[in-house]
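Keep the structure in view as you read.

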Amino acid sequence: MPGLRPKPYRKFNRVILGIAGGILVVFTSFNTWINPLWVTPTPWTNEKFAEYRPIYRQQRTGKAGIARSVPWKIAFFGSSRMDIALDPMLPQWEGKPAVNLAVSAGTLPETAGILRYAVEHCPLETAIVGIDLGDISGAGSGIRTTGYMESPFNPKGEAVERELRYVAGVSTFQSSMKTLGYWFERDKPGFTLPEYTPQGHRLRHQDKDNVAAGMRRDAIPHAMKGSARRLKLAEASGGMLHPNAEKMRLTEQILEDCKTHKVALKILIPPNHATYISVYRYSGDPDPGFLTDRAALVKIVEASNKAHPEAPPTEIWDFNDYHELNCEPLPTNPKGRMHWFLDGTHARKALGDVMLARIMGWPIDGPGADYGVKLTAENLQQRVDGLQAEYLEFQKKHPDQFQWMVDGIDSYKSSGRANEKEQEGAQEF
């Protein structure tokens with residue numbers, strides 16, 4: 001048997017390795033030139049692509065990249081309610097760089113981690129943190145399925161593997177190609193930029209047809225499932241809801257991180273449409289005024305402010321009530337839109353602008369000068385008790401909306417959907 005000659009095989013292996021290396025170089029060069037998720041900046045990265053980067057499907061990774069791309073002074077955190085409503089480009093920021101780092105379906109485990117990442121990478125002066133009612137009194141979080149664990153926000157992630165994937169990964173290459181596609185389509189009629197701005201604000205691709213039908217399909221069941229879950233929790237603990245210990249710890253972490261870095265923290269309880277709020281009372285929720293969550297927040301903030309008199313005092317701004325802005329009429333036309341709300345749980349930028357004005361003390365031209373309440377230990381009980389009276393007033397002033405809600409509840413109960421798994425925390429958008 002003739003002996004094998006290894007040289008041809010070596011040459012073949014070198015060719016294969018050369019081709020693989022060439023592909024790797026092409027992927028790396030292309031990905032870092034476009035930097036589609038903001039996490040691979042290089043001297044040759046072209047920032048003309050900034051407006052065209054499609055981070056929607058990889059929000060956590062994209063927002064981590066945005067967080068470390070600029071020395072931000074102002075930042076927003078929380079769920080999709082903040083992601084959509086709060087505008088970092090308002091002229092009232094007077095040139096201070098502001099960023100929106102809120103994420104869809106974000107709960108306190110993510111909010112605390114993202115804020116810590118931000119204060120470690122940015123010279124923040126002000127942090128506005130949205131905490132959804134029900135988060136502190138609920139144990140659940142989607143943190144393991146949202147993309148957070150694979151993003152730079154996760155301090156325990158495999159950093160080397162992760163960064164290699166960003167530089168040369170196929171998914172990053174696909175995002176680069178999509179960015180380039182947006183770039184080439186930019187001058188065509190009807191073109192719309194991707195969902196997110198370079199400041200992390202989900203400003204576009206929001207409107208949907210049949211708003212009222214969508215609220216009946218999504219918001220009403222979300223509230224019904226949430227109330228049913230809360231009832232089970234209360235029954236298991238003697239008829240009362242209690243703050244979740246881990247969520248309390250994470251809330252305390254948020255305050256401690258802000259105090260340590262001398263960041264002025266303003267906690268925002270985001271609004272819901274009045275029909276959504278009313279579901280909890282109508283369905284017999286064990287704590288329809290969310291006293292458990294509000295009281296826990298007040299207690300933590302009061303203790304933190306006393307412990308850190310040298311740091312800017314934390315404030316709580318509560319917008320979740322029956323103010324007329326939250327009782328906006330539902331559109332009857334399938335193509336109709338609401339001015340203040342996208343749906344039952346997400347305020348538009350228009351309402352976000354009012355909230356920011358109230359929080360920051362800016363003048364307000366138009367409705368909303370009395371919108372929201374600065375929540376304290378002194379007015380906490382009055383605030384929660386007042387919601388019951390507002391609920392009764394809502395039925396009188398807006399009987400059509402109230403009946404629409406009742407019909408939606410009845411429809412949901414008869415649909416068989418009550419056995420579907422309920423999502424913790426913020427409603428997905």
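**Salt bridges and helix packing**

At 33% relative accessibility, Asp218 is partly exposed. This is a predicted model. Asp218 forms a salt bridge with Arg217, with the closest N and O atoms 3.3 Å apart. Arg217 is also partly exposed, at 44%. In total, the model has 27 salt bridges.

Another joins Arg348 to Asp207, where the closest N and O atoms are 2.5 Å apart. This pair links distant parts of the chain, 141 residues apart. Arg348 lies in the loop between strand E5 (315-318) and helix H11 (349-360). Asp207 lies in the loop between helix H6 (170-185) and helix H7 (211-236). Arg348 is buried at 15% relative accessible area, whereas Asp207 is partly exposed at 42%.

Now turn to the helix pair. The axes of H10 (residues 291-307) and H12 (residues 380-397) come within 11 Å and cross at roughly 160 degrees. The two helices are therefore roughly antiparallel. The crossing is right-handed. Leu291, Arg294, Ala295 and Val298 of H10 meet H12 residues including Leu380, Val384 and Leu387.

The side chain of Arg383 forms a salt bridge with Asp321 (3.0 Å, N to O). Asp321 sits in the loop between E5 and H11, 62 residues apart from Arg383. Arg383 is buried at 8%, and Asp321 is buried at 5%.

Finally, look at helix H2 (residues 59-67). Here 9 of 9 residues are buried. They pack against helix H3 (80-85), strand E2 (98-100), helix H4 (108-121) and helix H5 (159-168).

Terms used:
Residues numbered from 1 in each chain as written. Predicted model: local features only at pLDDT ≥ 70, side-chain atom pairs only at ≥ 80, totals over all residues. Heavy atoms only, no water. Axes fitted to C-alpha atoms, helices over the stretch in contact; angles between N-to-C directions. Helix = DSSP H or I, 4+ residues; strand = E, 2+ residues; numbered from the N terminus. Parallel < 35°, antiparallel > 145°, perpendicular 65-115°, else oblique. Left-handed = near helix turned anticlockwise from the far one by under 90°. Contact = heavy atoms within 4.5 Å. Buried < 20%, exposed > 50% of the residue type's maximum accessible area, 1.4 Å probe, protein only. Salt bridge = Lys/Arg side-chain N within 4 Å of Asp/Glu carboxyl O.
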